[in-house]
Amino acid sequence: MAIAPRVWVIPGMLVSYGEMVDTAQHAHALMQLTVFEDSGSLSIDGHLLSTSLLASKVPHRLQMSKGWVILVEPQSEVGRCLQQFLVDRQFQEFAFNDALVVPNEHQFPLIQLLTILKQLSSTVSWQELLGEVTSNDPRIECLLTQLNQCFASECLIPDSWRAEQIAEQLALSESRFLHLFKQQMGIAWRPYLLWRRLMCAVKLLRKGKSATEAAHRAGFSDSAHLSRTFKSIFGVSIRESKTMFFGSD
């Protein structure tokens, strides 16, 4: 019996569980945990990997019959811990022997996610780190709090997120804001904002909204802009993803 595809988002992380994933080669600024429940492989520069942790910005192609794909912001609290297991490597394979309970579509798969993370380390308090994206600078921390409002309520149409406007709110010059954000978050403001907007769009797609409506409400210029961003992150089109992760049309 086929398992209904599903996806969940929290600050700093996107968790997906689905069947029949076959992506084009792509790379993104997120770290990736891939757990196979059936046949498949993660292909990186000629290497075929099984269950593994992948560093950010590494080109890869995923073929999976059934399993989990977890994308993690490198500067989230979970991401910072995961980087310790890579030590300048592009990837780290790890054994996974536990049988995971099929997740409930309407509940965040906390138990399953913690089970996966504990395979990497049983001594880290993973649950305390989930959903935490922090900065040592109070101005950037304030900005992250604003962005996180989309997870607690309806997504805000980000009509005032240009760097010049954010810098003015934080009493910084635009160049100083851009430098400070990249220094604190390890990624430039524009691609980070695209990622955050994409997570808002994913929430809306999961609720059955069209790509056009999701694009508008998440602040993309149009559905084509959303589609390009979506494929650059996931390696599949929105249409393909509706079968893999959101359910068929």
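**Exercise 1. Is Lys57 buried or exposed, and where does it sit?**

Start with the accessible area: Lys57 comes out at 58% relative accessible area, so it is exposed. The cut-offs are under 20% for buried, over 50% for exposed and partly exposed in between, using a 1.4 Å probe and protein chains only. Next, find its place: Lys57 is in the loop between strand 6 (52-54) and strand 7. Last, check the backbone: its phi is positive, about 65°, although Lys57 is not a glycine.

Before going on, a word on the model: it is predicted, so local features need pLDDT of at least 70 and side-chain atom pairs count only at pLDDT 80 or more, while totals for chains, interfaces and linings use all residues. Residues are numbered from 1 along each chain as its sequence is written, and side-chain values use heavy atoms, with hydrogens and water left out.

Helices (H or I, at least four residues) and strands (E, at least two) are DSSP runs, numbered from the N terminus.

**Exercise 2. Which residues does Trp161 touch, and is it buried or exposed?**

First locate Trp161: look in the loop between helix 5 (149-152) and helix 6 (163-169). At 11% relative accessibility, it counts as buried. Now list its contacts (heavy atoms within 4.5 Å). Leaving aside neighbours within four places in sequence, Trp161 meets Leu143, Gln146, Leu147, Ile166, Trp189, Leu193 and Arg197. Two of those names, Leu143 and Leu147, come back in the next exercise.

**Exercise 3. Which residues of helix 4 are buried, and where do they fall around its axis?**

Helix 4 covers residues 138-147, and its buried residues are Ile140, Leu143, Leu144 and Leu147. Look down the axis: they fall within an arc of 100° (taken from the directions from the helix axis to the C-beta atoms), so they line one face of the helix.

**Exercise 4. Which residues of the largest nonpolar core touch the most other members?**

A nonpolar core is a set of buried Ala, Val, Leu, Ile, Met, Phe, Trp, Tyr and Cys residues joined through side-chain atoms within 4.5 Å. The largest one has 82 residues, and Leu82, Phe177 and Trp189 touch the most other members. Helix 8 (residues 189-206) gives the most to this core, with 11 residues. Then zoom in on Leu82: not counting residues up to four places away in sequence, it touches Met31, Leu33, Leu53, Val72, Leu117, Leu120 and Trp126.

**Exercise 5. At what angle do helix 8 and helix 10 pack?**

Helix 8 and helix 10 (residues 223-234) pack at about 100°, with axes 10 Å apart. They are therefore roughly perpendicular (65 to 115 degrees). Helix 8 brings residues including Leu194, Trp195 and Leu198, and helix 10 brings residues including His225, Leu226 and Phe230. The contact residues divide into 10 nonpolar, two polar and no charged. Here Ala, Val, Leu, Ile, Met, Phe, Trp, Tyr, Cys and Pro count as nonpolar, Asp, Glu, Lys and Arg as charged, and the others, Gly among them, as polar.

How values were computed
Axes are lines fitted to C-alpha atoms, for helices over the stretch in contact, and angles run from 0 to 180 degrees between N-to-C directions. Angles under 35 degrees count as roughly parallel, over 145 as roughly antiparallel, 65 to 115 as roughly perpendicular and the rest as oblique.
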